[in-house]
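I opened this model to see how its parts meet. These are my notes, in the order I looked things up.

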Amino acid sequence: STDLATFHADMDSCQSCHTKPIKVSDSETHENAQCKSCHGDYAELANDKLQFDPHASHLGDINCTSCHKGHEAPKFYCNECHSFDQKDMPFSDAKKKQPWDTGWDQDKIQKAIAAGPRESTGVLVVGAGSAGFNASLTAKKAGADVILVEKAPFSGGNSMISAGGINAVGTKQQKDHGVDDSVEWFIEDAMKGGRQHNDKKLVTILAEKSADGVEWLESLGANLDDLKRSGGARVDRTHRPHGGKSSGPEIIDTLRAATKAQGIDTRLNSRVVKLVVNDDNTVVGAVVHGKHSGYYMIGAKSVVLATGGYGMNKEMIAYYRPTMKDMTSSNNITATGDGVLLAKEIGASMTDIDWVQAHPTVGKDSRILISETVRGVGAVMVNKDGNRFISELTTRDKASDAILKQPDQFAWLIFDNQLYAKAKMVRGYDHLNMLYKGDTIEKLAEKTGMKAADLAKTVSDYNGYVATGKDTAFGRGDMPLNMTQSPYYAVKVAPGIHHTMGGVAVNTTASVLDLQSKPIVGLFAAGEVTGGLHGYNRLGGNAIADTVVFGRIAGENAAKYALDN
Ligand code: MEZ
């Protein structure tokens, strides 16, 4: 046999990968270190002979054992969104089951509770995406002991695959770019985008603390120098890494490294399966299922839920938002709503739980998000005939609704070579064979099936609006590029599930509320698992801002509670 384990054992016994005696931690830390010590890190493994380099991907620096399995066939994580084994259509659907989609052994959970805590900590953070990392780092800085657990074999959550950036007002970047903005405008834009259903107190905190959030990420080493406009924002306030890099891996790699540098006990392959409460419903810990360690209880003074949304939980989507049950999802496979289910079980209240955002531009029949950045940088959106039908910079709910009213319910994003040169992520879509290309507008129409005369008129009209600075057809506010430089490109898009706005009810201290709107003592939450901040529709760039601002607030208050009790 040539499986990885046999191959390595033949070379140098089981100790090629394992300690002696063999003791595998849930994070497979020793094994991953062994992989890198022999094979080098991802930068060293980069192989420019491959069209796609899985070791230099937009996932950042994830564990080797996320894909490579010693004793079984590899499971390539990239194939959760792409299908690199298929030539024609390199996309997967969103319906696959993951190991954590199975039921849990209630007997073993009860036994773990009866046995009492196997260990104790001040703060237990559940979910290692941006909110969880920010909560952990802040709690640790405040002096609390922290354990961070993540069910997946890699950290990063949905934030890791986010592409757009983080919204903030009053930053140095806005000053340097001469952007006039205010906290009031930020609040008004978010409230308008959320159809005035947002919790204004939460929105105000987000706006007021957003610049501090960007500075904090920069202090940890993230680059967020670039600025762009997102849908529903009146000015450029979405902060991104310079050079067109996706913001998710930049932020997550930074947070992951900071967490490691702080020595925070981070456990992968470790799923929280139950919150444990005492007789007065105070949270006193959680039962964890570890891949190698089985069921055990961690006693904790406070718990922070940072488990993300439920955009990849088909049953929850079908239950809460039946009209979207057959839609694809741009989400990471980890977004299965665990926190909502865990909190509900102990009596937490939910806010706007049935509000789910469809992102208007997910690659048609794929799981690949065509970032709002592409429109922000200048792409134009047309229907199957080649006609515009809405401002490209409107909010996502409106854009998605408008696409679904077009013939065949899809749209094209069109752009020229100027945009291709400017927005690095577009080259990624090209590598994935998602782009149609024509040397002239007529050729592009021919390739895509659009009506040549309609498309030519659309482009000519649009170039006129760019020249006068006024879009008299649909009132688009910002038109950074005209469409004059060959070749021309198009990518086919349709709405897909992107963000679950609803979730556990929280107050301004990130405490989870019960059905009487009283804090559940010892329980905090931050990020997409919560509801209220975004109302009925989130603005692009406000999710990462949420995870940073409220992740930090949750971490601070969870630490304070842990240290005081
Ligand atoms: O915040 C987001 O969801 C975002 C900016 C997404 C995107 O289109 O890139």
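**Asp93.** I started with Asp93, which sits in the loop between helix 3 (42–45) and helix 4 (106–115). Helices here are DSSP runs of H or I with at least four residues, strands are runs of E with at least two, and both are numbered from the N terminus. The model is predicted, so local features need pLDDT of at least 70 and side-chain atom pairs count only at pLDDT 80 or more, while totals for chains, interfaces and linings use all residues. Residues are numbered from 1 along each chain as its sequence is written, and side-chain values use heavy atoms, with hydrogens and water left out.

Is Asp93 buried, partly exposed or exposed? I found it partly exposed, at 45% relative accessibility. Arg367 is 274 residues from Asp93 in sequence, yet their C-alpha atoms are 6.4 Å apart. Leaving aside neighbours within four places in sequence, Asp93 is in contact with Glu80 and Arg367. Contact means heavy atoms within 4.5 Å.

**Domains.** Next I noted the domain assignment. Domain 1 covers 4–75, domain 3 covers 161–250 and domain 4 covers 361–497. Domain 2 is written in pieces: 106–157 + 252–357 + 500–536. These bounds come from an automatic or database domain assignment. I also looked up one distance: the centres of domain 1 and domain 3, taken over C-alpha atoms, are separated by 37 Å.

**Helix 8 and helix 18.** I turned to helix packing. At what angle do helix 8 (residues 200–219) and helix 18 (residues 542–564) cross? The angle is roughly 90°, and the axes come within 8 Å. Axes are lines fitted to C-alpha atoms, for helices over the stretch in contact, and angles run from 0 to 180 degrees between N-to-C directions. Helix 8 and helix 18 are therefore roughly perpendicular to each other. (Angles of 65 to 115 degrees count as roughly perpendicular, under 35 as roughly parallel, over 145 as roughly antiparallel and the rest as oblique.)

I listed some of the residues that meet. Helix 8 brings, among others, Leu202, Ile205, Leu206 and Trp216. Helix 18 brings residues including Val548, Val549, Phe550 and Ile553. By class, this contact of helix 8 with helix 18 divides into 10 nonpolar, three polar and four charged residues. (Ala, Val, Leu, Ile, Met, Phe, Trp, Tyr, Cys and Pro count as nonpolar, Asp, Glu, Lys and Arg as charged, and the others, Gly among them, as polar.)

Lys201 is also in helix 8. I found Lys201 exposed, with a relative accessible area of 56%. Lys201 and Leu533 are 332 residues apart in sequence and 8.5 Å apart in space, C-alpha to C-alpha.

**Helix 16 and helix 17.** A second pair came next. Helix 16 (residues 441–448) and helix 17 (residues 452–468) pack at about 130°, with their axes 9 Å apart. Helix 16 and helix 17 are therefore oblique to each other. On one side I noted Ile441, Glu442, Leu444 and Ala445 of helix 16; on the other, Ala452, Leu455, Ala456 and Val459 of helix 17. This contact of helix 16 with helix 17 has seven nonpolar, no polar and one charged residues.

Asp454 lies in helix 17 too. It is partly exposed, with a relative accessible area of 24%. Not counting residues up to four places away in sequence, Asp454 touches Asp385, Gly386 and Asn387. Asp454 and Asn387 are 67 residues apart along the chain, with 6.2 Å between their C-alpha atoms.

**Backbone checks.** Where are the cis peptide bonds I looked up? One joins Lys20 and Pro21, with omega about -5°. Pro21 is in the loop between helix 1 (4–12) and helix 2 (29–39). Another joins Ser486 and Pro487, with omega about 0°. Pro487 lies in the loop between helix 17 and strand 15 (488–500).

I ended with positive phi values. Ser13, not a glycine, has phi near 60°. Ser13 is in the loop between helix 1 and helix 2 and is partly exposed, at 34%. Ala510 has a positive phi of about 70°. Ala510 is in the loop between strand 16 (503–504) and strand 17 (511–513), and at 1% relative accessibility it counts as buried.

Conventions
Buried < 20%, exposed > 50% of the residue type's maximum accessible area, 1.4 Å probe, protein only.
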